[in-house]
Amino acid sequence: LFALFNCLILVFWPAAEYERRFLLPLLPLFFLWAAEGLHQLEATRLQRLEMPTATLLATAVLLSYAGWYSRMDLGPIRNGVTTPEAAALFAWVKQKSDKHDLFLFPKPRAFALYTGRRALAHHPADDPQRLAHTLQKYGVTHLVVHHSSPFPVFQKSSQLVETLLAEEPTRFEQVYENPGFRVYRLRQGALASRGDCQPGRQSRN
């Protein structure tokens with residue numbers, strides 16, 4: 001049941017496509033199933049192949065991990081909350097924003113932890129119209145764009161926000177920028193005229 005429900009979550013939760021770590025709980029089960037399948041050879045005419053096949057499989061797994069490890073970048077972490085750009089963004093938010101402000105950011109829990117400000121993430125399947133509805137519905141005051149991130153979750157969010165900004169350039173004001181981030185503030189009542197747009201789904205994860 002665990003494997004079944006875990007797989008269902010990976011299939012139906014859109015954010016799972018960005019997080020390979022969600023597969024980690026299944027890996028021991030995959031090895032268990034492979035070992036059980038090999039053990040079943042003992043009851044067939046292929047019982048002599050059980051040990052050689054298990055040895056080859058284990059060797060292949062170890063070699064694949066060795067090859068992957070040899071290509072890993074073991075230097076300093078270049079992306080994340082500890083980068084100078086992220087630290088500068090968090091410091092600016094603490095100094096220049098009000099505690100009642102609400103920020104749109106793809107990783108709202110991390111943003112709230114480091115800034116002490118409320119944050120909201122839009123749904124990955126949103127389009128500009130649905131995003132505008134989300135901003136108006138929840139009273140979002142600022143949009144944060146991580147334009148230099150290599151991660152798909154930030155790239156898709158940046159493209160969506162930039163599209164909305166291009167459609168409604170007079171409704172937003174850029175208030176901060178560094179080499180990694182840009183922050184836009186919604187002008188008061190900016191999206192009121194779009195109140196008839198269809199509601200979009202949102203996420204606070």
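Colleague: How many helices and strands does the protein chain have?
Modeller: The protein chain has seven helices and six strands. Please note that this is a predicted model.

Colleague: In what order do the elements run from the N terminus on?
Modeller: The order is α-α-α-α-β-α-β-α-β-α-β-β-β.

Colleague: And how much of the chain counts as buried?
Modeller: Of its 205 residues, 35% count as buried. The chain exposes about 13200 Å², and carbon and sulfur atoms supply 60% of that area.

Colleague: What share of the contacts comes from residues 24 or more positions apart?
Modeller: Such pairs account for 60% of the contacts with a separation of 6 or more.

Colleague: Let us turn to the strands. Which strands pair with β5?
Modeller: β3 and β5 run antiparallel and are joined by four bridges. β4, residues 172-177, also pairs with β5 in the antiparallel sense, over five bridges.

Colleague: How many residues lie between β4 and β5?
Modeller: Four residues lie between them, and the two strands form a hairpin.

Colleague: Why is β5 described as largely enclosed by the rest of the structure?
Modeller: The strand covers residues 182-186, and four of these five residues are buried, so β5 is largely enclosed by the rest of the structure.

Colleague: Is S149 buried or exposed?
Modeller: S149 has a relative accessible area of 6%, so it counts as buried, the cut-off being under 20%.

Colleague: What does S149 contact, leaving aside its neighbours within four places in sequence?
Modeller: With those neighbours set aside, S149 is in contact with F154 and Q155.

Colleague: A change of topic: which residues form the nonpolar patch on the surface?
Modeller: The patch consists of L27, F30, F31, L32, W33, Y65, W68, Y69 and M72. Together these residues have about 950 Å² of accessible area.

Colleague: Which helix supplies the largest share of the patch?
Modeller: The largest share comes from α2, with five residues. Both α2 (27-39) and α3 (50-70) supply at least two residues each.

Colleague: What about Y65 in particular; where is it found?
Modeller: Y65 is found in helix α3. Its relative accessible area is 45%, so Y65 is partly exposed.

Colleague: Which helix holds A35, and what is its relative accessible area?
Modeller: A35 lies in helix α2. The relative accessible area of A35 is 44%, and this residue is therefore partly exposed.

Colleague: What separates the C-alpha atoms of A35 and L57?
Modeller: The separation between these two C-alpha atoms is 9.6 Å, with the residues 22 apart along the chain.

Colleague: Finally, which residues of α6 are buried?
Modeller: In α6, residues 128-138, the buried residues are P128, L131, A132, H133, T134 and L135.

Colleague: And what follows α6?
Modeller: The helix is followed by G139, which has a positive phi, near 70°.

How values were computed: Residues numbered from 1 in each chain as written. Predicted model: local features only at pLDDT ≥ 70, side-chain atom pairs only at ≥ 80, totals over all residues. Heavy atoms only, no water. Buried < 20%, exposed > 50% of the residue type's maximum accessible area, 1.4 Å probe, protein only. Contact = heavy atoms within 4.5 Å. Patch = residues over 30% accessible without salt bridge, like charges linked within 9 Å, V, L, I, M, F, W, Y side chains within 5 Å. Areas by Shrake-Rupley, 256 points an atom, 1.4 Å probe, with all protein chains shown as cover. Salt bridge = Lys/Arg side-chain N within 4 Å of Asp/Glu carboxyl O. Pairing = 2+ DSSP bridges.
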